[in-house]
Amino acid sequence: MSRLHGLASPARFLRLADRVQPWTGWGAALLIGAGLVVGLGFSPADYQQGETVRIMYIHVPAAWMALFCYATMALGAAAGLIWRHPLAHVIAHSAAPIGACFTIVCLATGMLWGKPIWGRWWVWDARLTSVLILLFLYLGYIALANAFDNTARGDRSSAILALVGAVNLPVIKFSVDWWNTLHQPASVTRIGAPAIHDSMLAPLLLMAAGFLCLFLTLLFVRVRAGLLARRLRALRHARAHAPAVGGMDTGTGLS
Amino acid sequence: MNAFAAALGRELRLAIREPGEAATAVMFFVLAAILFPFGVGPEANLLARIAAGVLWVAALLAAMLSLERPFLGDYEDGNFEVLALSPLALSLVVAAKMLAHWLTTCIPLVAASPLLALLLDLGGGGYLALVAAMALGTPTVSLIGGVGAALTLGARRGGVLLSILVLPLLVPVLIFGAAAVDAAIAGLPVRQHLMVLAAMALAASALCPWASAAAVRQALE
């Protein structure tokens, strides 16, 4: 636990990020590249759905990451509220737009997949609706985080919203079990053997690992930018409130 | 309990002395609902089919209008600081605000809904179910809305932001509220829909005052 708290120092976190980021960056490129080649080129077509099943290799990992990003965001928000580490809030804010993008990718690929298989771009079943609500939660969170002049207010208000919105995560996960939906139930993360053949599971897991690496890389980039933006803001604030020197510097308060 | 009654009494007095707030919400509800016959055409079958959903959506939007004032007013004139120092727990202070919102805004909406349902030609058995579903569903609206109002205290464009944050969270209420009316019209049992609405109201009444108080407390820091 104490080691975890040591990471709350932004400088130490950035040093760690600098060391890990090349690995996650190249990992993302290689894993996604390999996953696409295997998934699009070498995995078998589905006996019912034909070639359209290959959309799965984008759609399913994107859906997993949409939920994973929200979980990261909610954990960061909780840590920020409990221990008041500014870094935790920066991580939560950084994860939100990435998660929103994964959610959009998930919804867009789902629509492209739904058209040939279900015959419609969109159906209002529980899984689709709850993922759409997840997108609105992300957008509401981003809007609330940026709605305050005072950074600390935006941090804490949006953190509480992230925790309130976390009730949607189990609803999404179990929507296909609780309601009789058009969307198929889970076939990988279920008790017992996955209901999916190894030749399809391999590219799926490659893509999932690649998306995870991509998320971490983007997160490190955004956290670094977020910390620098905060420092810039603090410096401008200090400069605007510093006593003017010789009456020359009074007009440069930028904040 | 006395302190809670005093807090509730204060909220109700404030609302009654400014009756425009609740009246605006009801006017908005009526107008939003009667715009639909103009938009989709006056065909009776179509209107009867969509009446439940239209009334629920219009009621949700109308309830958003009067959520901001009880929280923002006390925040801006500093009353929240005093209320936070009072012996009454802050979660009960915000619970009194939520209850007052339900009594002064949602109850008039529930009362107006059968009349509007008449204009939209809702099917015979639906009226009782509509009133029951609205009466059981709107407490959740006030409770979750109170969390949104506390979160957006002092935010830029707070009123619009409040609706954007709260409406996605109210989708379950809308689903079960409209489903109860549809089930009643189709002659199916309504009971389970009403029980889900009541369960959501109970869960929200346990969690929302607490979350709302946390949001108010951080706004006062």
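Predicted model: local features only at pLDDT ≥ 70, side-chain atom pairs only at ≥ 80, totals over all residues.

Colleague: Is B:Asp121 buried, exposed or partly exposed?

Modeller: One counts the C-beta atoms around the residue, and a residue is buried if 20 or more others lie within 10 Å. B:Asp121 has 16 C-beta neighbours inside 10 Å and therefore counts as partly exposed.

Colleague: What is the phi of A:Arg84, and where is that residue?

Modeller: A:Arg84, which is not a glycine, has a positive phi of about 60 degrees. A:Arg84 is found in the loop between α3 and α4 (86-118) of chain A. Because A:Arg84 has 13 C-beta neighbours inside 10 Å, it counts as partly exposed.

Colleague: How many helices and strands does chain A have?

Modeller: Chain A has eight helices and zero strands. Its pattern along the sequence reads α-α-α-α-α-α-α-α. Of its 255 residues, 36% count as buried. As for contacts in chain A with a separation of 6 or more, 71% are between residues 24 or more positions apart.

Colleague: Could you show me a residue of chain A that lies within a helix? Is A:Gly33 buried or exposed?

Modeller: A:Gly33 is in helix α2 (residues 10-42) of chain A. It counts as exposed because it has 12 C-beta neighbours inside 10 Å. A:Gly33 and A:Arg231 are 198 residues apart along the chain, and their C-alpha atoms are separated by 37 Å.

Colleague: For contrast, I would take a residue of a helix in chain B. Is B:Ala96 buried or exposed?

Modeller: B:Ala96 is placed in helix α6 of chain B. Since B:Ala96 has 24 C-beta neighbours inside 10 Å, it counts as buried. Apart from neighbours within four places in sequence, B:Ala96 is in contact with B:Phe4, B:Ala7, B:Leu8 and B:Glu11.

Colleague: How should I read that list of partners?

Modeller: An α-helix has 3.6 residues a turn, so residues three or four places apart point the same way. The partners of B:Ala96 include B:Phe4, B:Ala7 and B:Glu11. The distance to another residue may also be given: B:Ala96 and B:Val216 are 120 residues apart in sequence and 14 Å apart in space, C-alpha to C-alpha.

Colleague: At what angle do helix α6 (residues 90-119) and α10 of chain B pack?

Modeller: For a pair of helices, one states the angle, the distance between the axes and the handedness. α6(B) and α10(B) pack at about 110 degrees, with their axes 8 Å apart. That angle makes α6(B) roughly perpendicular to α10(B). Their crossing is right-handed. On the α6(B) side the contact involves B:Leu90, B:Ser91, B:Val94, B:Ala95 and B:Met98, which meet residues of α10(B) including B:Trp210 and B:Val216. By class, the contact divides into eight nonpolar, two polar and one charged.

Colleague: What is the crossing angle of α7(B) and α10(B)?

Modeller: Helix α7 (residues 126-151) and helix α10 (residues 191-220) of chain B cross at roughly 20 degrees, and their axes come within 8 Å. Angles under 35 degrees count as roughly parallel. The two helices are therefore roughly parallel to each other. The crossing of α7(B) and α10(B) is left-handed. The contact has 19 nonpolar, six polar and no charged residues.

Colleague: How many residues are in the largest nonpolar core?

Modeller: The largest nonpolar core has 144 residues, and those with the most contacts inside it include A:Ala66, B:Leu55 and B:Ala133. Helix α3 (residues 56-83) of chain A gives the most to this core, with 16 residues. Beyond four places in sequence, B:Ala133 touches residues that include B:Gly177, B:Ala180, B:His193 and B:Leu197.

Colleague: Finally, how many residues of each chain are in contact with the other?

Modeller: 14 residues of chain A are in contact with 16 residues of chain B. On the side of chain A, α5 (126-145) and α6 (151-165) each supply at least two residues. The residues on that side divide into ten nonpolar, two polar and two charged.

Methods. Residues numbered from 1 in each chain as written. Chains lettered and ligands numbered in written order. Axes fitted to C-alpha atoms, helices over the stretch in contact; angles between N-to-C directions. Helix = DSSP H or I, 4+ residues; strand = E, 2+ residues; numbered from the N terminus. Parallel < 35°, antiparallel > 145°, perpendicular 65-115°, else oblique. Left-handed = near helix turned anticlockwise from the far one by under 90°. Nonpolar A, V, L, I, M, F, W, Y, C, P; charged D, E, K, R; others polar. Core = buried A, V, L, I, M, F, W, Y, C linked by C-beta atoms within 7 Å. Contact = placed C-beta atoms within 7 Å.
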